[in-house]
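Please keep the structure in view while reading.

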Amino acid sequence: MAFVDETLHTLGMMLVFLLIVVCVALFCFKVFHITGERRRKLLHTIAFLLILVIIAASEHWYVPSAVCLIFAVVVYPILCHFESRPFYAKLFQERSAGEIRRSLILLFGSAAVLIALFWGVLNSELALVAAILAWGLGDEAAALVGKRFGRHHIEWGPADHHKTWEGSAAMCCTAFFAVFFVLFSGGTALWRSLLTAIVSALTAAVTEAVTKKGYDTVTVPLAAAIVIRLMLAL
């Protein structure tokens, strides 16, 4: 019963948060005419913050892991049902057919695994939260800066040549501050927080640059979490 009660509590907190931010987002879309990449990244922000809310609302690792899977399983068929409706295309502005539902499965499926591994098995919730925040904020910075200011495409062999050095630099800087803030505010020593933030930010930026077809949702937080956990264990 404790598992059921905690799961229902976490689901309730998640739904309240989701209702509030969706209303705010729709208001912003209408009033400020937010479209294109800015709209996509606002929706991206809602998604990764939702995972952090799920984690914060839970006391045991298996609850947020289960809630992420439940959310994906419930929402996926709803998205499939409305995909052909005109308002759906206007709201989400997908780059390709089925992009949102694929992203849903990748994001919440990988989040469930990351939570189970880094919180459940390795007992490193701090590394988990830092990695998710580094990916979430870093990816936004990379996309927005890359689209607006990107002039120099990454020609390095394994990299996605559509991405730019400016976008990667923005991700690296943003990920650094995200990781440092989480670690230092969580009680990690200043020097260790700085060193871990530097190494994990570089790792996140390189991983994002070489990951193609939107799979950075999986690869970036995983790579960042691994590096952060190793650095904290040194």
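## The nonpolar core

In this predicted model, Phe-108 touches Ala-47, Leu-50, Ile-51, Cys-68, Phe-71 and Ala-72, when residues up to four places away in sequence are not counted. Phe-108 also belongs to the largest nonpolar core, which has 60 residues, and the residues with the most contacts inside this core are Phe-71, Phe-108 and Leu-128.

## A buried serine

Ser-200 is found in helix H8, which covers residues 190-210. Its relative accessibility is 1%, and because buried means under 20%, Ser-200 counts as buried.

The side chain of Ser-200 reaches the backbone oxygen of Thr-196 at a distance of 2.7 Å. If neighbours within four places in sequence are left aside, Ser-200 is in contact with Val-179, Ala-224, Val-227 and Ile-228.

## A nonpolar patch on the surface

On the surface, Leu-117, Val-121, Leu-122, Leu-222, Ile-226 and Leu-230 form a nonpolar patch, and together they have about 490 Å² of accessible area. The elements that give two or more residues to this patch are helix H5 (99-121) and helix H9 (216-233), with H9 supplying the largest share, three residues.

Leu-122, one of the patch residues, lies in the loop between H5 and helix H6 (125-149).

How values were computed:
Residues numbered from 1 in each chain as written. Predicted model: local features only at pLDDT ≥ 70, side-chain atom pairs only at ≥ 80, totals over all residues. Heavy atoms only, no water. Helix = DSSP H or I, 4+ residues; strand = E, 2+ residues; numbered from the N terminus. Buried < 20%, exposed > 50% of the residue type's maximum accessible area, 1.4 Å probe, protein only. Polar contact = N/O pair within 3.5 Å; in protein donor to acceptor, adjacent residues only side chain to side chain. Contact = heavy atoms within 4.5 Å. Core = buried A, V, L, I, M, F, W, Y, C linked by side-chain atoms within 4.5 Å. Patch = residues over 30% accessible without salt bridge, like charges linked within 9 Å, V, L, I, M, F, W, Y side chains within 5 Å. Areas by Shrake-Rupley, 256 points an atom, 1.4 Å probe, with all protein chains shown as cover. Salt bridge = Lys/Arg side-chain N within 4 Å of Asp/Glu carboxyl O.
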